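Here is a short briefing on a protein chain. Please look over its sequence and fold before reading the notes.

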Amino acid sequence: AQSNELNKEKCNLSDIVKEEIGKYKKQFELHEKSVTLNIKETAIVKCDRNLISLVVANMLSNTIKHTANGGEVIVTVKDGVEGYKVSVYNSGSTVPENEKDKIWSVLYKTDKSRTDRDKSSGVGLAVSAKILDLHKANYGCENVKDGVKFYFSIR
C-alpha cells in the first residue's frame with residue numbers, strides 16, 4: 001500500500017549530499033567533470049532520508065548527462081531563507097525559459113532529439129518534484145552564467 005506518509009527524522013543534509021556524491025565519484029571522473037563542493041558541515045533538517053537521497057541522486061545523475069566532458073559541477077549546501085538550500089550547478093546547456101516549469105512533469109524532455117540516444121525514463125524530476133512537494137520544500141531550476149542550477153530548500 002502506497003501512502004503519502006513520510007518517514008521524517010532529523011538528518012544532516014550535508015551527510016546525505018556527500019554520500020550521494022560518493023556514489024557518483026567514478027562517473028564524474030570517467031567523464032572528466034570537475035566537482036566542487038561548498039558544503040556546510042552541519043545542516044540538520046527533518047526529512048525522509050531515503051527520499052531526499054533519491055532527489056539528490058537524481059540531480060547528480062542529471063548533471064552527468066547534461067554536462068559536457070571536461071565540464072564543471074558545483075554542489076552547494078548552505079543556509080537559506082527557507083531552511084537549508086541544496087543546489088547543483090552544471091556548466092553547459094541551459095533550460096529554455098518556457099520549459100522551466102514543464103521539466104518537473106512526468107516524461108517531459110527538453111531536448112526531443114535525445115529521446116532515442118538517451119535511455120532514461122524521464123521520470124526523475126517528476127518523482128523528485130513529488131518528493132519535494134511532500135516535504136513542502138521550495139525547489140526549481142535557474143539558468144545562470146554558462147549553465148544551469150537545480151535547487152531545493154528544506155527545513
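Which residues does V148 touch, not counting residues up to four places away in sequence? They are V88, Y89, N90, S93, T94, V95, E142 and N143, where contact means heavy atoms within 4.5 Å.

This is a predicted model, in which local features need pLDDT of at least 70, side-chain atom pairs count only at pLDDT 80 or more, and totals for chains, interfaces and linings use all residues. Residues are numbered from 1 along each chain as its sequence is written, and side-chain values use heavy atoms, with hydrogens and water left out.

**V148 and its setting**

- V148 is found in strand β7 (residues 147–154). Helices (H or I, at least four residues) and strands (E, at least two) are DSSP runs, numbered from the N terminus.
- V148 counts as buried, at 4% relative accessibility. The classes are buried (under 20% relative accessible area), exposed (over 50%) and partly exposed (in between), with a 1.4 Å probe and protein chains only.
- V73 is 75 residues from V148 in sequence. In space, the two are 9.9 Å apart, C-alpha to C-alpha.

**The five-stranded sheet**

- An open sheet is formed by 5 strands in the order β2-β4-β5-β7-β6. The pairing is mixed. Two strands pair if DSSP finds at least two bridges between them.
- β2 and β6 (138–144) are the edge strands, and each pairs on one side only.
- On average, neighbouring strands of this sheet are turned by 15 degrees against each other, direction ignored. Axes are lines fitted to C-alpha atoms, for helices over the stretch in contact, and angles run from 0 to 180 degrees between N-to-C directions.
- Helix α1 packs on the sheet and touches β2, β4, β5 and β7. The direction of α1 makes about 175 degrees with that of β2.
- Strands of a sheet pair through backbone hydrogen bonds, either parallel or antiparallel.
- β2 pairs with β4 in the parallel sense, over 6 bridges. Here S34 has E72 in β4 as its bridge partner.
- β4 pairs with strand β5 (residues 83–91) in the antiparallel sense, over 8 bridges. These two strands form a hairpin with 2 residues between them.
- V73 has N90 in β5 as its bridge partner. D79 is bridged to Y84, also in β5.

**Strands β1 and β3**

- Strand β1 (residues 9–12) and β3 pair in the antiparallel sense, over 4 bridges.
- K10 stands opposite K46 of β3.
- In a regular strand the side chains alternate between the two faces of the sheet.
- β3 has V45 and C47 on its covered face. I44 and K46 are on the uncovered one.

**Salt bridges**

- Side chains of opposite charge can pair when their charged atoms come close.
- The count is 7 salt bridges. A salt bridge is a side-chain nitrogen of Lys or Arg within 4 Å of a carboxyl oxygen of Asp or Glu.
- E29 and K25 are joined by one of them, at 3.0 Å, N to O. Both residues lie in helix α1 (residues 13–30), 4 residues apart, about one turn of the helix. E29 is partly exposed, at a relative accessible area of 46%.
- K40 and D79 form another, with the closest N and O atoms 3.5 Å apart. K40 lies in the loop between β2 (34–39) and β3 (44–47), and D79 in strand β4 (residues 72–80), so the pair ties together parts that are 39 residues apart in sequence.
- K40 counts as partly exposed, at 32% relative accessibility. D79 is also partly exposed, with a relative accessible area of 48%.
- D146 and K145 meet through their side chains in a salt bridge of 3.0 Å, N to O. Both residues are exposed.

**Cysteines**

- The count is 0 disulfides, a disulfide being a pair of cysteine sulfur atoms within 2.5 Å.
- C47 is in no disulfide. The nearest cysteine sulfur, that of C11, is 3.7 Å away.
- C47 is buried, with a relative accessible area of 0%.
- C141 is buried as well, with a relative accessible area of 9%.
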